[in-house]
Amino acid sequence: MKTHSPVALITGAASGIGQALAVAYAERGIRVVGGYFAGDAHDPEHTRHLVEAAGGQCLMLAADVTDSASLDALAAAAIEHFGRLDCAVANAGLLRRAPLLEMTDERWNEMLDVDLTGVMRTFRAAVRHMQGGSLVAISSIAGGVYGWQDHAHYAAAKAGVPGLCRSLAVELAGRGIRCNAVIPGLIETPQSLDAKNSLGPEGLAQAARAIPLGRVGKAREVADLVRFLTSDESTYITGQSIIIDGGLTVRWPE
């Protein structure tokens, strides 16, 4: 259905922050085109059901952020199905543990291909169809602020995201397109709950003790920040990297 209500494209929309964002948009009448990786264990239909339960419209399509043609098709589907595209959120990401001495070129390149180059591909595909609007990429406190042992490839990719967003903010300003990065701290998502590659439940609980607000964040809290940055409430914010971490990065070490 082609109407005048805004349309948002989200990669990694089948779980975590992407799923929470799809619901946050639906609650405000913003239609969603959600991309999901076909090899992921999360059911994209669950996101669609949540969006519809919130009174919204959602088109979920398989999309591989390492494949430019796949993302071009995702952005084109927004135009074909909804008639417009107003914002794009590069949220899809890969997280794998790999100490330096076990780091192969393949592991390194795979991480950057998804977590950094995938952001560029997402934005490039979306901008072709945008007349003004907003772009947001999800970085991480790991790389965006801190180092993280055994995750140099992940941190390097996430550190590159703010630089990409700052440059695109300058490049695209003349077209009325804003671009910002969000840097989440410790957020409870399926990715962070993976004890093999991330902190896992016990690690998150332990880390929460170092956070001034006394807890890890929720996916919806990050989603609400992203929604704000892609709304008309933030029309003079561009080229920024906004940390959402419960105060972790400003706490004096004890």
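Strand 1 and strand 4 (residues 87-90) run parallel and are joined by three bridges; two strands pair if DSSP finds at least two bridges between them. Strands (E, at least two residues) and helices (H or I, at least four) are DSSP runs numbered from the N terminus. This is a predicted model, in which local features need pLDDT of at least 70, side-chain atom pairs count only at pLDDT 80 or more, and totals for chains, interfaces and linings use all residues. Residues are numbered from 1 along each chain as its sequence is written, and side-chain values use heavy atoms, with hydrogens and water left out.

**Strand 1 and its partners**
- Ile10 has Val89 as its bridge partner in strand 4 and Gly34 in strand 2.
- Four bridges pair strand 1 with strand 2 (residues 31-36) in the parallel sense.
- Between these two strands the chain passes through helix 1 (residues 16-26), and the β-α-β crossover is right-handed (clockwise from the first strand over the helix to the second, with the strands pointing away from the viewer).
- Ala8 stands opposite Val32 in strand 2.

**Side chains of strand 1**
- From strand 1 (residues 7-10), Val7 and Leu9 point one way, Ala8 and Ile10 the other, and all are buried (under 20% relative accessible area, 1.4 Å probe, protein chains only).
- In a regular strand the side chains alternate between the two faces of the sheet.

- Seven strands form an open sheet with parallel pairing, in the order 3-2-1-4-5-6-9.
- Strand 3 (58-62) and strand 9 (241-244) are the edge strands, each pairing on one side only.

**Tyr146**
- Tyr146 lies in the loop between helix 6 (141-144) and helix 7 (152-172).

Technical notes:
Buried < 20%, exposed > 50% of the residue type's maximum accessible area, 1.4 Å probe, protein only.
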